[in-house]
Amino acid sequence: MDILYHDRDLAVILKPVGMDSEAAVPAALMQALGGACFPVHRLDQNVGGLMVYARTKAAAAALSRAVTEGAMIKEYVALVHGTPEPSGDWSDLLLKDARQNKVFVVHRERKGVKLARLTFTRLTSSDPALVRIRLYTGRSHQIRVQFASRKHPLVGDHKYGARDDAATPMLYSCCLTFPWQGKTLRFEHLPDWALTAPEEQP
């Protein structure tokens, strides 16, 4: 786990694939930095990338408020099967089956259904294609299920229909932007597989 930035109030880290964001990462941060550590958002265990953690209760409240109000901008890169349209703005109704730990797109409101929205830009015209995604809602497995429902499952995402040899979903939290004490903080980091992807053709 790499710590990119820390002060008395917060820490920004690169979460490795396979590390639990709600238990293992806070424990590692407390061991490395001392003091308390409070999660304010989460990443699936099999997804890596940028995360921010609060180191005080006041910071946790402020960061949680930024998440709730949509002031924390979370962006991702993903490799998806097929070639999606050059850009998109997708809204879906999602229902989570807790027994299967799987999420489904549904077509009517009912108990447990939540609205999910994302926008994306396709960065390459290859198959699989590299896309950059902005989340507007933070639903469980949101990116994975929204792309899979349109026949573009993430490479490595065998839970949602990918048939390839990748060990884990090719999804990465690449950019966090949020207000902090009168400033806007922005952190960006790309995985090697995104940096080496072929460029979009004109």
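Which residues of the largest nonpolar core touch the most other members? Of its 26 residues, these are V52, L63, M72, F178 and W180. A nonpolar core is here a set of buried Ala, Val, Leu, Ile, Met, Phe, Trp, Tyr and Cys residues joined through side-chain atoms within 4.5 Å. Buried denotes a relative accessible area under 20%, exposed one over 50%, and partly exposed one in between, with a 1.4 Å probe and protein chains only. The model is predicted: local features need pLDDT of at least 70 and side-chain atom pairs count only at pLDDT 80 or more, while totals for chains, interfaces and linings use all residues. Residues are numbered from 1 along each chain as its sequence is written, and side-chain values use heavy atoms, with hydrogens and water left out.

Strand β10 gives the most, with 6 residues. Helices (H or I, at least four residues) and strands (E, at least two) are DSSP runs, numbered from the N terminus. A second, separate core has 24 residues, among them A11, M51, Y76 and L154.

Strand β10 (residues 171–180) and strand β11 (residues 183–188) run antiparallel and are joined by 6 bridges. Two strands pair if DSSP finds at least two bridges between them. The two strands form a hairpin with 2 residues between them, and Q181 in the turn has a positive phi of about 50 degrees. P179 has T184 of β11 as its bridge partner. T177 also lies in β10 and is buried, with a relative accessible area of 12%. Apart from neighbours within four places in sequence, T177 is in contact with A71, M72, I73, T184, L185 and R186.

The structure holds 5 aromatic pairs. In one of them, the ring centres of F178 and F187 are 6.3 Å apart and the planes are at 25 degrees, so the pair is stacked. Rings of Phe, Tyr and Trp (its six-membered ring) pair if their centres lie within 6.5 Å; planes under 30 degrees apart count as stacked, over 60 as edge-to-face and the rest as tilted. F178 is buried at 0% relative accessibility, and F187 is buried at 15%. Ring pairs link Y5, F178 and F187 into a cluster.

Two arginines are placed over aromatic rings. The charged end of R117 sits over the ring of Y136, 4.0 Å from its centre. R150 lies over the face of W90, at 4.1 Å from the ring centre. The criterion is that NZ of Lys or CZ of Arg is within 6 Å of the ring centre and within 35 degrees of the ring normal.

In helix α1 (residues 24–33), the buried residues are V25, P26 and L29. Seen down the axis of α1, these buried residues fall within an arc of 95 degrees, so they line one face of the helix. The arc is that of the directions from the helix axis to the C-beta atoms. The buried residues of α1 pack against β1 (2–6), β2, β3 (38–39) and β4. G34 follows α1 and has a positive phi, near 80 degrees.

V105 is placed in strand β7 (residues 102–106) and is partly exposed, with a relative accessible area of 24%. Its C-alpha atom is separated by 7.4 Å from that of V145, 40 residues apart along the chain. Not counting residues up to four places away in sequence, V105 touches D92, L93, L94, V145 and S149.

Several loop residues have backbone features of note. A cis peptide bond, with omega about 5 degrees, joins D127 and P128; P128 lies in the loop between β8 (114–122) and β9 (129–135). In the loop between β9 and α3 (142–148), H141 has a positive phi near 60 degrees, in a residue other than glycine. H141 counts as buried at 8% relative accessibility. K151, found in the loop between α3 and β10, likewise has a positive phi, near 65 degrees. K151 is exposed, with a relative accessible area of 72%.

How values were computed
Contact means heavy atoms within 4.5 Å.
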